[in-house]
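Please keep the sequence and the structure at hand while reading.

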Amino acid sequence: MTEVIKIVNDIKSKNYKPIYFLCGEETYYIDRISDLIEKSVLTEDEKSFNQVVLYGRDTTVEEIVSTAKRFPMMSDYQVVIVKEAQNLSKTFDKFESYALNPQLTTILVFAYRDKPDGRKKIFKTIKDKGVWFESKKLYDNQVPDWIVKVLKGQNYGIEPKAAAMLAEFLGTDLAKINNELEKLKIVFPEGHIFTPKNIEENIGFSKDYNVFELKSALATRNQQKAYTIIHNFAANPKDNPIVVVSGQMFTFFAQLLQYHGLKDKSKFNAAKALGVNPFFMDEYATASKNYPMRKVSQIIEIIRDMDVKSKGVGSGSMKEADMLKELVYKIFN
């Protein structure tokens, strides 16, 4: 986020570069920076003559260069934004001559929703003459901290459990997560600290029947709670696809196996090693007492076997709901 903050601050300070190449698999920051340039560089009056939005599938490098070489009318700058620029990947080398000597009164933005080969000469030139930003996907365990930081920057807070619930419910799609956070901010005033109850009531996510609570029930060997959750999953298979449930359970027990192997199991050291919030380390400590290392290894193999069955290998006519029930039974026994 540090790199994003610098780019955003430079734009707000009118410290512009002639070329912005925004690329990567995570589109959230690509869109955020592109939208900021589109909305803030020119006034509304200036935009009618000096702002052009092109799309990679409908344009060519030659057209982009021709547009970029124009001089602004009654403005210090013109802005040219090329969206879906990855559609130009096969001909992008033709942009080399312009990149070597860009028009300084043009702010040219490429929104490239993919990961290009940064070793190519054209991209090295762009890095030298302008701004190169690669937006990388976050790992699952990085998302809760991202939620906390984003909300903190907007004068909101969120409880660790609520952040984890959001991350598990919405995955790693930052744009999707941000949309849900915007909805929450409409309901609650600045300074509010979001709770699990807020998430449940405003995003349609059950705080009682979710993978997060299932892991907690397994960790504490609360069989009644675990089976109640599984029965709820069985009644709502579209909301709780087996691939998601098994994936989260595999991650938990793989981390538990790693926890068993730590010499230093202090809360903050263990949290750093496992890549989880220290808030949840008591749960791992409890689970380690309930599941010895050998049992954890067996559980991981059980989950792998169920994952194969869920894909139709050796499952016969077994339904997904029955697979989940069998999985939980084998974990406890």
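## The sheet and its strands

Five strands form an open sheet in the order β2-β3-β4-β1-β5, and their pairing is parallel. At the edges stand β2 (51–55) and β5 (131–135), each of which pairs on one side only, and from one strand to the next the twist averages 10 degrees. This is a predicted model, and the description that follows should be read with that in mind.

Within the sheet, strand β1 (residues 19–24) is joined to strand β4 (residues 106–112) by five bridges in the parallel sense. In this pairing, Leu22 stands opposite Ala111 in β4.

## Helices packed on the sheet

Helix α2 (residues 27–40) packs on the sheet, where it touches β1, β2, β3 (78–83), β4 and β5, and its direction makes an angle of about 155 degrees with that of β1. Helix α4 (residues 61–68) lies across β2, β3 and β4, and it runs at about 165 degrees to β3.

## A nonpolar patch on the surface

Phe49, Met73 and Met74 together make a nonpolar surface patch of about 380 Å². Of these residues, Met74 is found in the loop between α4 and β3, and it counts as exposed because its relative accessibility is 71%, over the 50% cut-off.

## Salt bridges between separate parts of the chain

Side chains of opposite charge can pair when their charged atoms come close. The structure holds 17 salt bridges, and among them is the one in which the side chains of Lys137 and Glu26 meet, at 3.7 Å from N to O. This pair links distant parts of the chain, 111 residues apart, with Lys137 in the loop between β5 and α7 (143–153) and Glu26 in the loop between β1 and α2. Lys137 is partly exposed, with a relative accessible area of 39%, whereas Glu26 is buried, with a relative accessible area of 1%.

Another salt bridge is formed by Glu84 and Arg113, whose closest N and O atoms are 3.8 Å apart. Because Glu84 lies in the loop between β3 and α5 (96–100) and Arg113 in the loop between β4 and α6 (121–129), the pair ties together parts that are 29 residues apart in sequence. Glu84 is partly exposed at 24% relative accessibility, and Arg113 is partly exposed as well, with a relative accessible area of 31%. These two residues also belong to a network of salt bridges that includes Asp31.

## Helix α11 and its charged residues

The side chains of Glu213 and Lys161 meet in a salt bridge of 2.9 Å, taken from N to O. Glu213 lies in helix α11 and Lys161 in helix α8 (residues 160–170), so this pair ties together parts that are 52 residues apart in sequence. Glu213 is buried, with a relative accessible area of 6%, while Lys161 counts as partly exposed at 29% relative accessibility.

Helix α11 (residues 211–219) also holds Lys215. Is the side of the chain at Lys215 buried or exposed? Lys215 is buried, because its relative accessible area of 11% falls under the 20% cut-off. Leaving aside its neighbours within four places in sequence, Lys215 is in contact with Glu168, Gln248 and Phe252.

Technical notes: Residues numbered from 1 in each chain as written. Predicted model: local features only at pLDDT ≥ 70, side-chain atom pairs only at ≥ 80, totals over all residues. Heavy atoms only, no water. Pairing = 2+ DSSP bridges. Helix = DSSP H or I, 4+ residues; strand = E, 2+ residues; numbered from the N terminus. Axes fitted to C-alpha atoms, helices over the stretch in contact; angles between N-to-C directions. Contact = heavy atoms within 4.5 Å. Patch = residues over 30% accessible without salt bridge, like charges linked within 9 Å, V, L, I, M, F, W, Y side chains within 5 Å. Areas by Shrake-Rupley, 256 points an atom, 1.4 Å probe, with all protein chains shown as cover. Salt bridge = Lys/Arg side-chain N within 4 Å of Asp/Glu carboxyl O. Buried < 20%, exposed > 50% of the residue type's maximum accessible area, 1.4 Å probe, protein only.
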